[in-house]
Amino acid sequence: MKRRTLGTPGLGVSEIGLGCMGMSEFYGPSSEAESISTIHRALELGTDFLDTADVYGPFKNEELVGKAIRDRRDRVVLATKFGNVRNAQGQSLGIRGDPEYVRQACDASLARLGVDHIDLYYQHRVDTKVPIEETVGAMAELVHAGKVRHLGLSEAAPETIRRAHATHPITALQTEYSLWTRDVEENGVLSTVRELGIGFVAYSPLGRGFLTGRFRTFEDLAADDFRRRNPRFQGENFDHNLELVREVEQLASEKGITPGQLALAWVLARGDDIVPIPGTKHVKYLEENVAAANVTLSENDIERLDSVLPVGAATGTRYADMSTVNR
């Protein structure tokens, strides 16, 4: 597994990371044993960049990841997030970025993960009620205290990113990015982080699994799968977006790879400052994803993909409620 550097002076990570969210919630049933095996296999394959958050579970995902890495912490680049507040029953309590909460959330995450420091600590969503300078200032205190090594933001707008970076260097910006979610190419986010020397972490690089070709009807989603509430997976949007996937499948077939590998290879080809973190809770899908690092796309391949999946090709918003996305 090759490595990429996020930010300046830089955080070295595997060029493909592992999103752990679905191991605890959102994507239907899961097995703790299989999830831990998936994390261990990722480390064996050189994928050392693990992504979690306190809100996943809630709280359970950090505990699971902590359990999985307890005897191999020195082999992991550990990222987690705060800001989306939920209680133990899963009820959403809004977004908090006030300094007191920043400190509380970090200490709670350290305890659940069973570690003495977090390698990359993100503000999961921007709290527009609190100046970003105050939030990042509190996060910077965590760096000075040795509890956190690098700071990140998730789903932040260009002006927010600039103000945050002026307060304390931001190592990485995490935002959804894939063949069917290319907003950052036109809303100034990608150009801003590149101007400032901030790394870009692409979550949902497989379009929440849609780009793998695994879903042919809405009923393919488990009853408790949160994608059932996602506009892109509903009604006419589903049918339209499935036609886009068929184009991906055609090119993937010609290259002798899976649609998911093609989608990941496309993200990797967008620049060495971009690191995708596909999520999975199964070893077989992890191995398939990691193999995408060996796929080389020609200029013609990329031109074909850009022609059939340009910016805005997918129909339906990324979330049913986009109000928490800083724009």
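Tutor: Helices (H or I, at least four residues) and strands (E, at least two) are DSSP runs, numbered from the N terminus, and two strands pair if DSSP finds at least two bridges between them. This is a predicted model, in which local features need pLDDT of at least 70 and side-chain atom pairs count only at pLDDT 80 or more, while totals for chains, interfaces and linings use all residues. Residues are numbered from 1 along each chain as its sequence is written, and side-chain values use heavy atoms, with hydrogens and water left out.

Student: Which residue takes a positive phi in the hairpin of strand 6 and strand 7?

Tutor: Start with the pairing: strand 6 (residues 84-86) and strand 7 (residues 92-95) run antiparallel and are joined by two bridges, with N84 standing opposite I95 of strand 7. Five residues lie between the strands of this hairpin, and G90 is the residue with a positive phi, near 95°.

Student: Where does E155, a residue other than glycine with a positive phi, lie?

Tutor: Most residues other than glycine have a negative phi, and most peptide bonds are trans. In this model E155 has a positive phi near 55° although it is not a glycine, and E155 belongs to the loop between strand 9 and helix 5 (158-167).

Student: In what order do the strands of the open sheet of eight strands stand?

Tutor: Reading across the open sheet, the order is 3-4-5-8-9-10-11-12, and the pairing is parallel. Strand 3 (18-19) and strand 12 (274-276) are the edge strands, since each of them pairs on one side only.

Student: Which strands does helix 3 lie across, and at what angle does helix 3 run to strand 8?

Tutor: Axes are lines fitted to C-alpha atoms, for helices over the stretch in contact (heavy atoms within 4.5 Å), and angles run from 0 to 180 degrees between N-to-C directions. Helix 3 (residues 99-113) lies across strand 5 (77-82), strand 8 (118-123) and strand 9 (148-154), and it runs at about 140° to strand 8. Helix 6 (residues 189-196) lies across strand 10, strand 11 and strand 12, and runs at about 145° to strand 11.

Student: How do the axes of helix 3 and helix 4 cross, and which residues meet there?

Tutor: Two packed helices are described by the angle between their axes and the distance between the axes. For helix 3 and helix 4 (residues 132-144), the axes come within 8 Å and cross at roughly 35°. The crossing is right-handed, a term used if the near helix is turned clockwise from the far one by less than a right angle, with left-handed for anticlockwise. On the side of helix 3, P99, V102, R103 and C106 meet E134, T135, A138, M139, E141 and L142 of helix 4.

Student: How many residues of each class does this contact of helix 3 with helix 4 have?

Tutor: The contact has six nonpolar, one polar and three charged residues, where Ala, Val, Leu, Ile, Met, Phe, Trp, Tyr, Cys and Pro count as nonpolar, Asp, Glu, Lys and Arg as charged, and the others, Gly among them, as polar.
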